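Have the viewer open as you read.

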Amino acid sequence: MKKFDNAMKILIAGFCINLCMGILYAWSVFKKALVVDLGWSNADASMPYTVAIISFALSLLVAGILQDRMGPRKVLILGTLMVGFGMICSSFATTPFLLVLTFGVLTGCGIGFGYACLSPAAMKWFHPSKKGLVNGLIAAGFGLAAVYLAPLTSTLITNLGINQSFLILGIGVIVIATPLACIINNPPEGYQPEAPKTGSNSTYKPVNISWRGMLKTPQFYSLWFMFAFASSAGLMVIGNITSIAALQGNITDAAYLVVILAIFNSGGRVAAGILSDKIGGLKTLMLAFLMQGLNMVLFATYQSDFTLIIGAALTGIGYGTLLAVFPSIIADFYGLKNYGANYGVLYTAWGVSGFIGPVLAAVAVDGSGSYALAYTVSAIMVGMAFLLSFITKPVNAEALEKRLASQ
C-alpha cells in the first residue's frame, strides 16, 4: 500500500506541475493581444512561441541527460524557477526581440527542464504495463493547463494589460510549481512496482538501450519524422486558433476554442495512453494520424462556432495522442534506464515542428490572408506520418542489445 501511495503522490504532483507549466497552449491569447493591442505583425507575435518550442525541445534533451544521471528533483526545481522568472521578465519586454529572449528562450528552456523529469520519474514508480496510462495522465496536465490559463490570461489582459498578465502568471508558477517539484524523486534502488492483478505483461523483460544505440535503429528515424510531421499540424492550429476563428468565422472572442482544444487535448492524452496499453502505440498513432489528416483537409470549411469547435476538438485529440504515445513507445522500444536522453533526442522532432507549424501559418496568412496553404501542407505531412506508422515495426530489443554488445 505504501508503494502505491508513493507512486500516486509522484503522479499527482507531476500532473499539477504540468498544469502550471502549460502556458504554451494559451499563447494564441497572448498573440491576439500583441497583434490587436500592440500592433505587432503575425510573424512577430508568433516568434516568441516558436522560439519557446525550439528552446523547450533542445533543453529537454539536455535535461533528459541530466536527470538520467542525477535524478529529477534538482533539474525540475531549476525548470520551474526558469519558467516563473521567464514570465516575470517577459512583463518588462517591450520589443519582439526582448520577448523572444524572455519568453522564447528562458521560459521555453524552463518548460523543457521541467517536462523532461516528470514522465520518467512517474513511469519508474508504476508497472511497465501502465506506461501509456501514466504518460497520458502526466501529459494531460500540460494540455489541460489551457482550460484555465486561456480564460484567466484573457481576463488579466483585458483588465490589467499584457505586461501585468505575464508578471502575475510568472509569480504563480514559482509559488505553486516549485514546492511541488521538491516532491518528485526516483524510486529507491531495487524498487519493484506492483504488477496489476489482472492483465498482461507479466513476463516483461527490461531493456536498456542508450541514445547511441537508438540512433542505429531505423525505427527511431521513422518515429522522429512521424512526430515532426504530425506535431506541426497540431501546433499550427493551437498557436492560431483564435486568429483562425476571427478570420474564417468572424468570431472576435474565441478564447472558448482554446479551452475546447485543451480539454480534448488532455482527454486525448489519457484515452490514447490507455488505448496504447491495449493495442500498442503504433496502431494508436495510426488511428490518430488518419483522424488528424481528414481534419486538416476539412479545416478551411470550418466557418461557424459549431464546426470550429469540432475542428478544435479533433485537433486536440490528435495532438494529445502524440504526447502520450511517443513517450510510451520510446520506453517500450529502448527501455527506462536511458529514457530521459532517448526521449530528449526524439523530442527534437517536436522542436522542429514548433518552427514548421507556426511559421507555416504566419507565412500563409500574411501572404494570402488565408490559412488554406497551411492546412494543405499540414494534411500532406500528416498523411506521410500515417504511411510511416503503417510500415514501422517494433524494435527487437534483445537482438539489438546483442548486436551492440558485439560491436
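How many aromatic pairs does the count come to? Taking Phe, Tyr and Trp rings (the six-membered ring for Trp) as paired if their centres lie within 6.5 Å, the count comes to 22 aromatic pairs. Bear in mind that this is a predicted model: local features need pLDDT of at least 70, side-chain atom pairs count only at pLDDT 80 or more, and totals for chains, interfaces and linings use all residues. Residues are numbered from 1 along each chain as its sequence is written, and side-chain values use heavy atoms, with hydrogens and water left out.

**Ring pairs**

- W27 and F30 make a tilted pair, with ring centres 5.5 Å apart and planes at 35 degrees; planes under 30 degrees apart would count as stacked, over 60 as edge-to-face, and the rest are tilted.
- These two sit 3 residues apart in helix 2 (residues 27-36), so about one helical turn separates W27 from F30. Helices here are DSSP runs of H or I with at least four residues, numbered from the N terminus.
- Both W27 and F30 are buried, where buried means under 20% relative accessible area, exposed over 50% and partly exposed in between, using a 1.4 Å probe and protein chains only.
- F299 and Y375 are another tilted pair, with centres 5.2 Å apart and planes at 35 degrees.
- Since F299 is in the loop between helix 12 (281-298) and helix 13 (305-334) while Y375 is in helix 16 (residues 372-391), this pair ties together parts that are 76 residues apart in sequence.
- F299 is buried at 0% relative accessibility, and Y375 is buried too, at 2%.
- There's also a cluster linked by ring pairs: F56, Y115, F142, F227, F326, Y339, Y343, Y347 and W350.

**Cavities**

- Searching the whole structure turns up 3 cavities of 30 Å³ or more. A cavity is a set of points, on a 1 Å grid over the protein atoms alone, where a 1.4 Å probe fits but cannot get out, and lining residues have an atom within 4 Å of a point.
- Grid points are joined across faces, edges and corners, and a volume is the space filled by probe spheres set on the points.
- The largest cavity has a volume of about 50 Å³, and its lining includes Y25, S28, A146 and N265.
- Helix 11 (residues 255-279) gives the largest share of that lining, 4 residues.
- By class, the largest cavity's lining has 7 nonpolar, 2 polar and no charged residues; Ala, Val, Leu, Ile, Met, Phe, Trp, Tyr, Cys and Pro count as nonpolar, Asp, Glu, Lys and Arg as charged, and the others, Gly among them, as polar.
- The second largest cavity comes in at about 40 Å³, with Y115, Y339 and Y343 among its lining residues.

**Core and surface**

- The largest nonpolar core has 126 residues, and F227, Y343, Y347 and W350 touch the most other members. Such a core is a set of buried Ala, Val, Leu, Ile, Met, Phe, Trp, Tyr and Cys residues joined through side-chain atoms within 4.5 Å.
- Helix 9 (residues 218-238) supplies the largest share of this core, 13 residues.
- Leaving aside residues up to four places away in sequence, W350 touches (heavy atoms within 4.5 Å) residues including Y25, F56, F227 and Y319.
- Q192, by contrast, is exposed, with a relative accessible area of 56%, and is found in the loop between helix 7 (162-181) and helix 8 (211-214).

Methods
On a 1 Å grid over the protein atoms alone, a cavity is a set of points where a 1.4 Å probe fits but cannot get out, and a pocket is an open set with protein on both sides within 12 Å along at least five of seven lines; lining residues have an atom within 4 Å of a point.
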